Amino acid sequence: MLAALLYGTIVAVRAGARVLASLDSDIAVAIIAAAATAFVSVLSIVLAKAYEARALVLKEHREKKTPVYEDLIKFMFRILMGAKTGKAPTEKEMLDFMSDFTQRVIVWGSDDVLAAWVKWRRTAVNAEALKTNPMTLMLLYEQLILTIRRDLGHKNQNLRTGDVLALFVNDIDQQLKGGKAS
């Protein structure tokens, strides 16, 4: 079918070229200009519609993934601030959240966010690595947050290692200078 369509297009172009060649040059130029104008107009409309459809899909996707990311940030803050607020989650709540979040991030997270989540999870379950360098998990969490922000359209300009962690770890600068970070 595609071959037939291509053959038909070639035949039509050849026939059109023969007709234009037989016409007066002024008329041929006017026909070519009108055809070019119509082609550019149609192409512009098609490209605009395609761009509009892509933008709509991206907007809808962002609307779905934003609550997933917000839930992670909110829950991690609950874990990190639990001792100070008295609202630390139970082990069951943590397991339930991790299971639910993992399912949701598989569906809605970007490839980069999913990769950052996998890296964080692998490190979180490796007790030996955490004993060797406990800051590793915190730095991976910061990278996860930055990856999420980038996925949502933020540029993360002028953010250095430790800047996001400084929002909830008071002594992060001393910890990073102390050589405890990887």
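Reader: Is Arg 104 buried or exposed, or partly exposed?
Author: Arg 104 is partly exposed, because its relative accessible area is 22%. Buried means under 20%, exposed means over 50%, and partly exposed is in between (1.4 Å probe, protein chains only).

Reader: Where does Arg 104 lie?
Author: In helix H3, residues 91-108. Helices are DSSP runs of H or I with at least four residues, numbered from the N terminus.

Reader: And what does Arg 104 touch?
Author: Pro 67, Val 68, Asp 71 and Gly 109, leaving out residues up to four places away in sequence. Contact means heavy atoms within 4.5 Å. Tyr 69 is 35 residues from Arg 104 in sequence, and their C-alpha atoms are 9.4 Å apart.

Reader: Before we go on, what kind of model is this?
Author: This is a predicted model: local features need pLDDT of at least 70, side-chain atom pairs count only at pLDDT 80 or more, and totals for chains, interfaces and linings use all residues. Residues are numbered from 1 along each chain as its sequence is written, and side-chain values use heavy atoms, with hydrogens and water left out.

Reader: What is the mean pLDDT?
Author: The mean is 89, and 98% of the residues reach 70 or more. pLDDT is the predictor's confidence in each residue, from 0 to 100.

Reader: Which element has the lowest mean pLDDT?
Author: Helix H5 (residues 127-132), at 78. Helix H4 (residues 111-124) has the highest, at 95.

Reader: New topic. Is Lys 65 buried or exposed?
Author: Buried, because its relative accessibility is 7%. Lys 65 sits in helix H2. Beyond its neighbours within four places in sequence, Lys 65 contacts Trp 108, Ser 110, Asp 151 and Leu 152.

Reader: How many residues of H6 are buried?
Author: 14 of its 17, so H6 is mostly covered.

Reader: What span should H6 have?
Author: H6 (residues 135-151) should span 24 Å, and its end C-alpha atoms are 24 Å apart, so the two agree. The expected span is 1.5 Å times one less than the number of residues.

Reader: What follows H6?
Author: Gly 153, with a positive phi near 105°.

Reader: Which loop holds Asn 156?
Author: The loop between H6 and helix H7 (172-177). Asn 156 counts as buried because its relative accessibility is 13%.

Reader: And Asn 158, buried or exposed?
Author: Exposed, because its relative accessible area is 75%. Asn 158 is also in the loop between H6 and H7. Its phi is positive, about 65°, although Asn 158 is not a glycine.

Conventions:
Helix = DSSP H or I, 4+ residues; strand = E, 2+ residues; numbered from the N terminus.
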